[in-house]
Amino acid sequence: MNRKVIYLLGFAAAVGLGHVGTILGAPRAIMHVAIQKMSDGGKQVNQFTFGPRTTSHSRGVVRPSPDLLYSSCVYDVSRGPIRVSAAPSPDNGYVSLSVFDTRTDNVGVFDSNQFPQGIAFVLAKAGQKVPEGMPVVISPSDLGVILDRRLAPSAELFAKVDPARRADSCAPL
């Protein structure tokens, strides 16, 4: 076989393996870094943390919206399900909870349009026993992130909405 063909086949194989490795590995690497940062190195798991009011210098989330107030919970369901809840905003403003697994896949979304009285659900792995009567999100991974986003475009609304989000809960059953 011609030496150029061998080099070309080797190059194509390397590119193919690199591409597949990147597609499979990059989301997990990104989420690993995010989980470490959001949980203070694993110290704050299964509890919400509350970000400050977004400014033009905020970069905890890439290009965060200045109209939103962010909270996050790094979850771990390896030892059992957790109950997640978020109170409605006092001004009836928009609230959204999104659940992401370790591959950055969005595995659950709840918002105040669906649940105007507040959001509550159980997060579990497949096969774990969960209580009846509540929505259940099955996480394909032990670890992940829950993001709470609330509409708060002004300092006045921030002052009203901030106490409500501090009632958020993300804790083992």
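Q: To start with charge, how many positive and negative side chains does the chain have, and how far apart do the centres of the two sets lie?

A: Please note that this is a predicted model. The chain carries 18 positive side chains and 13 negative ones, and the centres of these two sets are 9 Å apart.

Q: Thank you. How many helices and strands does the chain have?

A: There are 2 helices and 9 strands. Read from the N terminus, the order of the elements is α-β-β-β-β-β-β-β-β-α-β. The chain is more spread out than a compact globule, because its radius of gyration is 20 Å, well over the 16 Å that the globule rule gives for 173 residues.

Q: And what box do the C-alpha atoms fill?

A: Along the principal axes, the C-alpha atoms of the chain fill a box of roughly 75 × 45 × 30 Å.

Q: Which share of the contacts with a separation of 6 or more comes from residues 24 or more positions apart?

A: Such residues account for 70% of those contacts in the chain.

Q: Let us turn to helix H2. Which of its residues are buried?

A: In H2, which spans residues 155-165, the buried residues are Phe 158, Val 161, Asp 162, Ala 164 and Arg 165. They cover an arc of only 160 degrees around the axis, which means that they lie on the same side of H2.

Q: Why would residues three or four places apart point the same way?

A: An α-helix has 3.6 residues a turn, so residues with that spacing point the same way.

Q: Which residues are exposed on the other side of H2, and what covers the buried ones?

A: Glu 156, Ala 159 and Lys 160 are exposed on the other side of H2. The cover over the buried residues of H2 includes strands E1, E2 (68-76) and E8 (143-151).

Q: Could we look at one residue in E2? Is Leu 69 buried or exposed?

A: Leu 69, which is in strand E2, counts as buried because its relative accessible area is 1%, and the cut-off for buried is under 20%. Leaving aside neighbours within four places in sequence, Leu 69 is in contact with several residues, among them Phe 158, Val 161, Asp 162 and Arg 165. Its contacts also include Gly 51, Pro 52 and Asp 148.

Q: How far is Leu 69 from Ile 23?

A: Their C-alpha atoms are separated by 31 Å, and the two residues are 46 residues apart along the chain.

Q: Moving on to Ser 98, where is it, and what does it touch?

A: Ser 98 is in strand E4 and is buried, at 4% relative accessibility. Not counting residues up to four places away in sequence, Ser 98 touches Asn 106, Gly 108, Val 109, Val 145, Ile 146, Leu 147 and Arg 149.

Q: Now for the loops. Is Ser 112 buried or exposed?

A: Ser 112 is buried, at 14% relative accessibility. This residue lies in the loop between strand E5 (106-111) and strand E6 (119-124). Beyond its neighbours within four places in sequence, Ser 112 is in contact with Gly 93, Tyr 94, Val 95 and Ile 119.

Q: And Ala 167, how far is that from Pro 88?

A: Ala 167 and Pro 88 are 9.6 Å apart in space, C-alpha to C-alpha, and 79 residues apart in sequence. Ala 167 is in the loop between H2 and strand E9 (169-172), and it is partly exposed at 48% relative accessibility.

Q: One last topic: what is phi for Asp 40 and for Asn 92?

A: Phi of Asp 40 is near 55 degrees, a positive value in a residue other than glycine. Asn 92 is not a glycine either, and has a positive phi of about 60 degrees.

Q: Where are these two found?

A: Asp 40 is in the loop between helix H1 (3-38) and strand E1 (48-50) and is partly exposed, with a relative accessible area of 42%. Asn 92 is in the loop between strand E3 (82-86) and strand E4 (95-101) and is exposed, with a relative accessible area of 71%.

Terms used:
Residues are numbered from 1 along each chain as its sequence is written. This is a predicted model: local features need pLDDT of at least 70, side-chain atom pairs count only at pLDDT 80 or more; totals for chains, interfaces and linings use all residues. Side-chain values use heavy atoms; hydrogens and water are left out. Helices (H or I, at least four residues) and strands (E, at least two) are DSSP runs, numbered from the N terminus. Buried means under 20% relative accessible area, exposed over 50%, partly exposed in between (1.4 Å probe, protein chains only). The radius of gyration is taken over C-alpha atoms; the globule rule is 2.2 Å times the number of residues to the power 0.38. Contact means heavy atoms within 4.5 Å. Lys and Arg count as positive and Asp and Glu as negative; His and the chain ends are not counted. The place of a charge is taken as NZ of Lys, CZ of Arg, CG of Asp or CD of Glu. The arc is that of the directions from the helix axis to the C-beta atoms.
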